[in-house]
Amino acid sequence: MIEKILYAAKEAGEIIREGFGKNVAFEYKTNKSDIVTEIDKKAEAAIIEFISKEFSSHNILAEESGSTNNSSEYTWVIDPLDGTSNFKHGLPIFSVSIGVMKNGETLWGVVYDVMRNVFYSAEKGAGSFADDKKLSVAENDDLSNSMLVTGFPYDIKENPYNAIERFNDFLVSSRAVRRLGSAAIDLCYVASGVFDGFWEVHLHPWDVCAGKLIVEEAGGLVTDFEGNQIDIFSKQILATNGKVHSQMKEILWRRGKM
Ligand code: IPD
Ligand code: CA
Ligand code: CA
């Protein structure tokens, strides 16, 4: 299965790489920060065409074209281009993210970092990899020595869950905070031990389905801001190396109950 998902991600990645740096057509979605380009749609169409040839009975939940329910046990959860703003503005940080669930549990996940040409993958119970290299989360257990990453949702102007204040809180309690613009890549960097922790609100199932499994299979912990287990529909995500999780939870709580 993982080979099949890698193949689909590679096909989408080729379309994205070909479109990068070109003047691509785009439309607004919910507001002026939230855009979709013709390349997002083409990449998604290629993945869906692959699924319809190879796994025509499976369900699909895809960012740009919505869901197809065939009453299958299996569901493909697809973000064809995670990091559309970066892509549109010529910043080479974006990915293809594909998770496959069986009866609601993610069993396989692939995140393709298109411009670095690195395939992150995980299979439930079998570890996480960057190409052939096995991944493990960072050992650091001190938040003040941590490098963290976050993202801001497209409704940031409404400041959900005090997202701006919480960003500030982490800036002064860690070594550094980054904002890369692709939640799927953020999660892969937690799995790789680059970042000690990642938090964000209002993500979507396709942003986190593959990356959550990749973090967990690398030994990390993924919960909501209160430490509860989450599914891919959660409105909050806290993904860490496990060792700074409670320190990050404490900071998140400073701004009151979620
Ligand atoms: C976005 C990216 C970004 C995150 C946003 C997402 P998109 O996905 O993952 O890092 O901060 O919340 O919506 O729109 O580029 O697929
Ligand atoms: Ca996304
Ligand atoms: Ca997307």
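In this predicted model, the largest cavity has a volume of about 70 Å³. Its lining is formed by Thr150, Gly151, Phe152, Pro153, Pro160, Tyr161, Ala163, Arg166, Trp199, Glu200, Val201 and Phe225. Two elements, α4 (163–171) and β13 (197–201), each give two or more residues to this lining, and the largest share, three residues, comes from β13. By class, the lining of the largest cavity divides into eight nonpolar, two polar and two charged residues.

The count of cavities of 30 Å³ or more comes to two. The second largest cavity has a volume of about 50 Å³ and is lined by Leu203, His204, Val208, Ile230, Asp231, Ile232, Ser234, Lys235, Gln236 and Ile237. Five nonpolar, three polar and two charged residues make up the lining of the second largest cavity.

Among the open sites, the largest pocket has a volume of about 640 Å³. A total of 34 residues line the largest pocket, and those nearest its centre are Asp34, Phe152, Pro153, Tyr154 and His204. At least two lining residues of the largest pocket are supplied by each of β5 (74–82), α3 (84–89), α5 (183–191) and α6 (205–217). The lining of the largest pocket comprises eight nonpolar, 13 polar and 13 charged residues. Both domain 1 (2–134) and domain 2 (143–253) contribute to the largest pocket, with at least three lining residues from each.

In terms of class, five nonpolar, two polar and five charged residues line the second largest pocket. Domain 1 (2–134) and domain 2 (143–253) each provide at least three residues of the lining of the second largest pocket.

Key: Residues are numbered from 1 along each chain as its sequence is written. Chains are lettered from A and ligands numbered from 1 in the order in which they are written. This is a predicted model: local features need pLDDT of at least 70, side-chain atom pairs count only at pLDDT 80 or more; totals for chains, interfaces and linings use all residues. Side-chain values use heavy atoms; hydrogens and water are left out. On a 1 Å grid over the protein atoms alone, a cavity is a set of points where a 1.4 Å probe fits but cannot get out, and a pocket is an open set with protein on both sides within 12 Å along at least five of seven lines; lining residues have an atom within 4 Å of a point. Grid points are joined across faces, edges and corners, and a volume is the space filled by probe spheres set on the points. Helices (H or I, at least four residues) and strands (E, at least two) are DSSP runs, numbered from the N terminus. Ala, Val, Leu, Ile, Met, Phe, Trp, Tyr, Cys and Pro count as nonpolar, Asp, Glu, Lys and Arg as charged, and the others, Gly among them, as polar. Domain bounds come from an automatic or database domain assignment.
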